[in-house]
Amino acid sequence: MISQVGFEQFAALALFVFSVSFLIYQLLSYYPTYINEVRRQTLLSEAYQISELLVNDVGEPASWNLSNVKRIGLLNESLNKTNVISFLKVSYANNTCNSDYNKFKSLLDIKNEINFVVYLEGSIIANCSRPLGERAVKFSRIVSFDNKSYGELILWLS
């Protein structure tokens, strides 16, 4: 028995193969963009979590200093308010970050590279910056200090 294949069947098969190839190409071309956006959103979420830890946690121990710190937190332990950070703890955190960056990262328990800047009414009071790649994300939040002034905490994570 001889099978007969017509022109219409070849055209349908060619159209099907072309459509599937085009669909695979489109999926593969959007995949890197999608993965980069997922990574950026993950970093942004981690930056938010780190800012929450810094601003709304007293640290370990609650009145830590450079010699006894186990976990960094900037919240003033003497006041019972959220988002009110201690000027002294910001200074301690800045000194720790600038003197031993790896210790600072281990005290925050993070794997990513981090930069932070703290402004007090427009002037920089803490600046711990390392070179980051172009994929770094920035997260900033308004904070108040224990001396009733306001400022901004900016984190970059990569």
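**Salt bridges in the predicted model**

Lys-89 and Glu-77 are joined by a salt bridge, in which the closest N and O atoms are 2.9 Å apart. This pair links distant parts of the chain, with Lys-89 placed in helix α2 (residues 87-99) and Glu-77 in the loop between α1 and β1 (84-85), 12 residues apart. The model is predicted, and the count within it comes to 5 salt bridges, among them the contacts described below. Side chains of opposite charge can pair when their charged atoms come close.

**Lys-89 and Glu-77: accessibility**
- Lys-89 has a relative accessible area of 3% and therefore counts as buried, since the cut-off for that class is under 20%.
- Glu-77, its partner in the salt bridge, has 37% relative accessibility and so counts as partly exposed.

**Glu-37 and Arg-40: a pair in helix α1**
- Glu-37 forms a salt bridge with Arg-40, and the closest N and O atoms of the two are 3.3 Å apart.
- Both residues belong to helix α1 (residues 7-55), where they are 3 residues apart, about one turn of the helix.
- Glu-37 counts as partly exposed because its relative accessibility is 36%, and Arg-40, at 36% relative accessibility, likewise counts as partly exposed.

**Glu-113 and Lys-105**
- A salt bridge also brings together the side chains of Glu-113 and Lys-105, with a distance of 3.0 Å from N to O.
- Glu-113 is partly exposed, having a relative accessible area of 31%, whereas Lys-105, at 11% relative accessibility, counts as buried.

Technical notes:
Residues numbered from 1 in each chain as written. Predicted model: local features only at pLDDT ≥ 70, side-chain atom pairs only at ≥ 80, totals over all residues. Heavy atoms only, no water. Salt bridge = Lys/Arg side-chain N within 4 Å of Asp/Glu carboxyl O. Helix = DSSP H or I, 4+ residues; strand = E, 2+ residues; numbered from the N terminus. Buried < 20%, exposed > 50% of the residue type's maximum accessible area, 1.4 Å probe, protein only.
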